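Colleague: Hello! Could you walk me through this model and the words used for it?

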Amino acid sequence: MILDTVQIPLSHKYGEFLLKKLPAGDESFELRRLDCDMIEYDHPTTGRTVRLYDVSDRVFGKIEARYNEAGELYCIAMPSSEKHHLRTVWEKFKDPQDMLLNYGEFCAREALRPFAGGGNISRLFVDYCLDETPTFSVILASPEDAVKYSADHSAPYPQELRKSADSEYIMVILAGIEEPAEAFRKFVTYTTDTLSSLLKNMKLTTEDFCVIRAC
């Protein structure tokens with residue numbers, strides 16, 4: 001059920017503004033407030049409906065529209081919430097596919113952060129799924145982990161060993177791509193290959209190192 005509809009002007013002066021402080025505009029971006037703490041909009045490029053969850057009334061009141069120096073709307077974001085430091089509601093990416101791959105490289109480097117001082121990795125588990133909300137996660141397993149949990153399957157591993165990408169952010173990017181399934185496949189391949197190469201370049205892999213992908 002739609003509880004409220006907010007019209008965000010596509011043009012305004014430079015800066016960041018709470019939605020309630022924005023005037024009406026001739027052309028606007030429609031953001032709909034739904035029940036059950038949800039918001040949604042239709043992507044202006046593809047027309048695909050994007051739905052975000054866990055948006056409380058308090059968080060909804062903090063949504064900002066951001067305008068560049070030319071006065072063009074380029075981003076809608078929630079600066080803070082209970083679970084995230086920043087949640088991107090919508091962003092005008094010049095090349096969403098390129099942005100997705102850049103995010104993949106970021107994810108790969110974040111997964112390696114705990115191993116800056118060294119270590120041994122014998123398995124790279126990659127789990128992913130493209131559903132209503134895409135998911136992507138990796139586990140970097142040491143030889144001891146592989147013996148303790150599994151050398152062939154990621155399911156027995158505890159959650160604290162799993163590094164997950166921001167599913168909501170990936171969904172927001174994919175919404176602006178005409179072929180989201182293909183774009184997500186490229187993201188998975190690129191991120192996996194990047195992480196595998198970094199592990200080898202950092203000399204963290206064992207002789208029996210291998211990549212195990214499961215979708």
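**Cores and a sheet**

Modeller: Happy to! Let us begin with Ile170, which touches Leu100, Tyr103, Pro134, Ala165, Phe184 and Phe187, leaving aside residues up to four places away in sequence. This is a predicted model, where local features need pLDDT of at least 70 and side-chain atom pairs count only at pLDDT 80 or more, while totals for chains, interfaces and linings use all residues. Residues are numbered from 1 along each chain as its sequence is written, and side-chain values use heavy atoms, with hydrogens and water left out.

Colleague: Why is the set of 30 residues called a nonpolar core?

Modeller: A nonpolar core is a set of buried Ala, Val, Leu, Ile, Met, Phe, Trp, Tyr and Cys residues joined through side-chain atoms within 4.5 Å; buried means under 20% relative accessible area, with a 1.4 Å probe and protein chains only. The largest such set has 30 residues, and Ile170 and Phe187 are among those with the most contacts inside it. Helix H5 (180–201) is one of the elements giving two or more residues, and H5 gives the most, seven. Apart from it lies another core, of 25 residues, among them Val50 and Phe60.

Colleague: How do you know that strands E3 and E4 pair?

Modeller: Two strands pair if DSSP finds at least two bridges between them. Three bridges join E3 to E4, one partnering Arg32 with Glu40.

Conventions: Helix = DSSP H or I, 4+ residues; strand = E, 2+ residues; numbered from the N terminus. Buried < 20%, exposed > 50% of the residue type's maximum accessible area, 1.4 Å probe, protein only. Contact = heavy atoms within 4.5 Å.
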